[in-house]
Amino acid sequence: MQHTTFRIGLAARKQRDSFFLVRLRQTLLLIAFVLLPAVTLQAAEVSAKVFSVSGTVEFAGPGSSSFAPLKKGQILAIGSTVRTGDDGVAVLVTTPGSAIQLGNSSILKINKLAFAKSGSDVTQRTAVLQLTSGVVSALIDPSTPKITDFQVQTPEGAAAARGTFYAVLVYQGKTYVGVKEGKVGVSAASQ
């Protein structure tokens, strides 16, 4: 009887997790693709934009250690750090065609963002994010894998993708990577 209860609980949790991932993917896709056509840039650094915030979420600007509340619509410059509380979640558009969700009890620094178009063709999409702790889920436009370089760096290494839906978790100093769609390359940190 105990095994049956466990299997039912596991099945219910998988269904709930699957529903959550589908909803997260739909939200991130909407964010990424709604903002994509609005931007026509030469190769340049870009800033992240806060799409939504719930619970306790704070940020510190580049070079600052002073944190302030993060607000929807806020622009985050390269070098900014975002941290979430136990109840905090933030969704950021990192570049046109890519978005992330920062989960509870997380610390993330934006190290590099760049985007470029030539006419209607995307020619560069780059994001380098540093996750110290917590979890970040990323959704990247899969139609431009050859020009996309999206990395989540952790204390143990980096997870890089060209166009996919994946998550990175840093818990008690260990890094875990989960891939929902596509492929992610993982490399160890340099010693």
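Contact is taken here to mean heavy atoms within 4.5 Å. On that basis, and in a model that is predicted, Leu76 is in contact with Ser47, Ala48, Val50, Phe59, Leu70, Val82, Leu92 and Ile110, when its neighbours within four places in sequence are left aside. Leu76 also belongs to the largest nonpolar core, which holds 31 residues, and is listed together with Leu70, Val82, Ile100, Leu131, Phe150 and Tyr166 as touching the most other members. Strand β10, spanning residues 121–140, contributes seven residues to this core, the largest share. In soluble globular proteins, nonpolar side chains tend to be buried together.

With regard to the overall fold, the protein comprises one helix and 15 strands. Of its 191 residues, 39% count as buried, and the protein exposes about 10,400 Å², of which carbon and sulfur atoms supply 55%. Among contacts with a separation of 6 or more, 52% are accounted for by residues 24 or more positions apart.

Three salt bridges are found in the structure. In one of them, Arg83 is joined to Glu58, with the closest N and O atoms 2.8 Å apart. Since Arg83 lies in strand β6 (residues 81–84) and Glu58 in strand β3 (residues 57–60), the pair ties together parts that are 25 residues apart in sequence. Both partners are partly exposed, Arg83 with a relative accessible area of 33% and Glu58 at 23% relative accessibility. Aromatic pairs, by contrast, number zero under the rule of ring centres within 6.5 Å.

A second salt bridge is formed by the side chains of Arg125 and Asp141, at 3.9 Å from N to O. Arg125 is located in strand β10 and Asp141 in the loop between β10 and β11 (148–154), so that this pair ties together parts 16 residues apart in sequence. Here Arg125 counts as buried, at 0% relative accessibility, and Asp141 is likewise buried, with a relative accessible area of 6%; the cut-off for this class is under 20%.

In the remaining salt bridge, the side chains of Glu156 and Lys174 meet at 4.0 Å, N to O. This pair links distant parts of the chain, with Glu156 in the loop between β11 and β12 (157–161) and Lys174 in strand β14 (residues 174–181), 18 residues apart. Glu156 is partly exposed, with a relative accessible area of 33%, and Lys174 is also partly exposed, with a relative accessible area of 45%.

Conventions
Residues numbered from 1 in each chain as written. Predicted model: local features only at pLDDT ≥ 70, side-chain atom pairs only at ≥ 80, totals over all residues. Heavy atoms only, no water. Phe/Tyr/Trp six-rings, centres within 6.5 Å; stacked < 30°, edge-to-face > 60°. Helix = DSSP H or I, 4+ residues; strand = E, 2+ residues; numbered from the N terminus. Buried < 20%, exposed > 50% of the residue type's maximum accessible area, 1.4 Å probe, protein only. Areas by Shrake-Rupley, 256 points an atom, 1.4 Å probe, with all protein chains shown as cover. Core = buried A, V, L, I, M, F, W, Y, C linked by side-chain atoms within 4.5 Å.
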